[in-house]
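Hi,

Here is the structure I promised to pass on. Have a look at it first, and my notes follow below.

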Amino acid sequence: LFEVYLQNINSQVTKLDILDIEMTNMQDLVQLSLDTARNKLLTVSTIFSLVSMCLGLSAMVGSLFGMNLRNGHEDDSSAFIAVSVSLACVSLVTCLSLGALLVYTGVLVK
């Protein structure tokens, strides 16, 4: 009679051990899922920071041309368009170059 009870207790302990292992595996799976989501958010944050840095650089140069400083182009009618287009091109090239550098170094994944 005691042997039957002992076998039932051992069976229940084994079931509890299996349940504990399954809970640990589920915790690890949820942790990996959260890590993946965090990494995606960090990637998006890095991309936004890169774009805002490039646009900030162009805004700084544009603001210097917009101040009341003598630069020799005050009366030129095409100076605004030339500066705007050149700053947009420089900003785009800088952003793409830094993005390619981050992909090359492995910081950003394609």
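Let me start with I81, which sits in helix α2; helices here are DSSP runs of H or I, at least four residues, numbered from the N terminus. I81 is exposed because its relative accessible area is 55%. My cut-offs are under 20% relative accessible area for buried, over 50% for exposed and partly exposed in between, with a 1.4 Å probe and protein chains only.

Before the rest, some ground rules. This is a predicted model, where local features need pLDDT of at least 70 and side-chain atom pairs count only at pLDDT 80 or more, while totals for chains, interfaces and linings use all residues. Residues are numbered from 1 along each chain as its sequence is written, and side-chain values use heavy atoms, with hydrogens and water left out.

Helix α1 covers residues 2-66, and its end C-alpha atoms are 94 Å apart; at 1.5 Å a residue, its 65 residues should span 96 Å, so the two values agree. The expected span is 1.5 Å times one less than the number of residues. For α2 the 27 residues should span 39 Å, and the end C-alpha atoms lie 38 Å apart, so that agrees as well. Just after α2, G106 has a positive phi of about 95°.

**How they pack**

Which residues of α1 are buried? They are L50, C54 and S58, and their cover includes α2 (79-105).

S58, in helix α1, counts as buried because its relative accessibility is 13%. Leaving aside neighbours within four places in sequence, S58 is in contact (heavy atoms within 4.5 Å) with L87 and S91.

The largest nonpolar core has 5 residues: L50, C54, C95, L102 and L108. Both α1 and α2 supply at least two residues of this core. By nonpolar core I mean a set of buried Ala, Val, Leu, Ile, Met, Phe, Trp, Tyr and Cys residues joined through side-chain atoms within 4.5 Å. As for L108, if you skip residues up to four places away in sequence, it touches T43, T46, I47, L102 and V103.

**On the surface**

M26, L29, V30 and L34 make a nonpolar surface patch of about 390 Å². Patches take residues with over 30% relative accessible area and no salt bridge, joining nonpolar side chains (Val, Leu, Ile, Met, Phe, Trp, Tyr) within 5 Å and like charges within 9 Å; the areas are Shrake-Rupley with a 1.4 Å probe, and for residues only the protein chains shown count as cover. V30 belongs to helix α1 and counts as partly exposed because its relative accessibility is 43%.

How many salt bridges does a search of the whole structure find? The search turns up 1, taking a side-chain nitrogen of Lys or Arg within 4 Å of a carboxyl oxygen of Asp or Glu. The salt bridge joins the side chains of D35 and R38, at 3.2 Å from N to O. Both lie in helix α1, 3 residues apart, or about one turn of the helix. D35 is partly exposed, as its relative accessibility is 22%, and R38 is partly exposed too, with a relative accessible area of 45%.

Cheers
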